[in-house]
Amino acid sequence: SWDGFVRVWDTRTGEPVPLAEMRHANPVLFVTFSPDGKRIASGADRVARLWESKLGQPYAKPLEGHSEAITCGVYFPDGTKIVTGSKDHTIHIWNAFTGEKVGKPLSGHREGITTLSFAPDGTFFASIGRDKTVRFWDVKKGKPMSVPVDCNPDIPSSIAISPNSTRYALGLRSKKIVLQDVKSKAVVGKSLWGHTDEIVAVRISPDQSYIYSSARDRSVRCW
């Protein structure tokens, strides 16, 4: 939160779990669990930290290398690495067990990164930037998969990749949601309208039958 603390909550009682103090010197801008639930990554300012989820203790050195604030982060589906995006326009990849940087930073966005989303099959991930583009990155090659998806004049705000990694749902500031094919980028079906304010999060159900969305209009919708 803005107080610099990372807290773990018991979903059954709604109470915080008593752990060691997980604290940053600045407001926390992202927090994410590893796929196995045993580790947590959180970011504040230009530093991301790695914690044991059951103890709240750091288990590796801080992730340091971005020149501006880290705004988002996500674990690889196999839990071995972490991807972070920053206001410095770059994406970094880190060893999730040691905190060491892996390879060179990925660049392409002309403005800060706001959102990252990994394909469940682990072969690629997507990034959203303030430059109004969505970019897809090949994990093995460490390069863009294709030309960026330019949403201008609209602004992409959230993305979710389908469980079979072939489609993605994109939430836009214009209050609509579109479903697109990963390879062709073609729109699948009709745009989804109904929210009365900016979309802030989208998710695709495990069976790929539904899209869930939340927005600044304080509503959650199922499509």
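**Note on side-chain contacts**

1. Ring pairs link Phe76, Phe118 and Phe125 into a cluster. The model is predicted. In total, the structure holds four aromatic pairs.

2. Take Phe76 and Phe118. Their ring centres lie 4.6 Å apart and the planes meet at 55 degrees, so this pair is tilted. The two residues come from distant parts of the chain, 42 residues apart. Phe76 sits in the loop between strand E7 (70–75) and strand E8 (81–86), while Phe118 belongs to strand E11 (residues 113–118). Both Phe76 and Phe118 are buried.

3. Phe118 also pairs with Phe125. The centres are 5.4 Å apart, with 40 degrees between the planes, and the pair is tilted. Phe125 is buried, as is Phe118.

4. A charge meets a ring elsewhere. The charged end of Lys185 sits over the ring of Phe136, 4.8 Å from the ring centre.

5. Seven salt bridges are present. One of them joins Glu100 and Lys61, with the closest N and O atoms 2.9 Å apart. Glu100 is in the loop between strand E9 (90–95) and strand E10 (106–107), and Lys61 in the loop between strand E5 (47–52) and strand E6 (63–64), so the bridge ties together parts 39 residues apart in sequence. Glu100 is partly exposed at 42% relative accessibility; Lys61 is partly exposed at 40%.

6. Asp36 and Arg39 form a salt bridge, closest N and O atoms 3.8 Å apart. Asp36 is partly exposed at 45% relative accessible area, whereas Arg39 is buried at 9% relative accessibility.

7. Arg12 and Asp10 meet in a salt bridge at 3.4 Å, N to O. Arg12 is exposed, at 75% relative accessibility.

Technical notes:
Residues are numbered from 1 along each chain as its sequence is written. This is a predicted model: local features need pLDDT of at least 70, side-chain atom pairs count only at pLDDT 80 or more; totals for chains, interfaces and linings use all residues. Side-chain values use heavy atoms; hydrogens and water are left out. Rings of Phe, Tyr and Trp (its six-membered ring) pair if their centres lie within 6.5 Å; planes under 30 degrees apart count as stacked, over 60 as edge-to-face and the rest as tilted. Helices (H or I, at least four residues) and strands (E, at least two) are DSSP runs, numbered from the N terminus. Buried means under 20% relative accessible area, exposed over 50%, partly exposed in between (1.4 Å probe, protein chains only). A charge sits over a ring if NZ of Lys or CZ of Arg is within 6 Å of the ring centre and within 35 degrees of the ring normal. A salt bridge is a side-chain nitrogen of Lys or Arg within 4 Å of a carboxyl oxygen of Asp or Glu.
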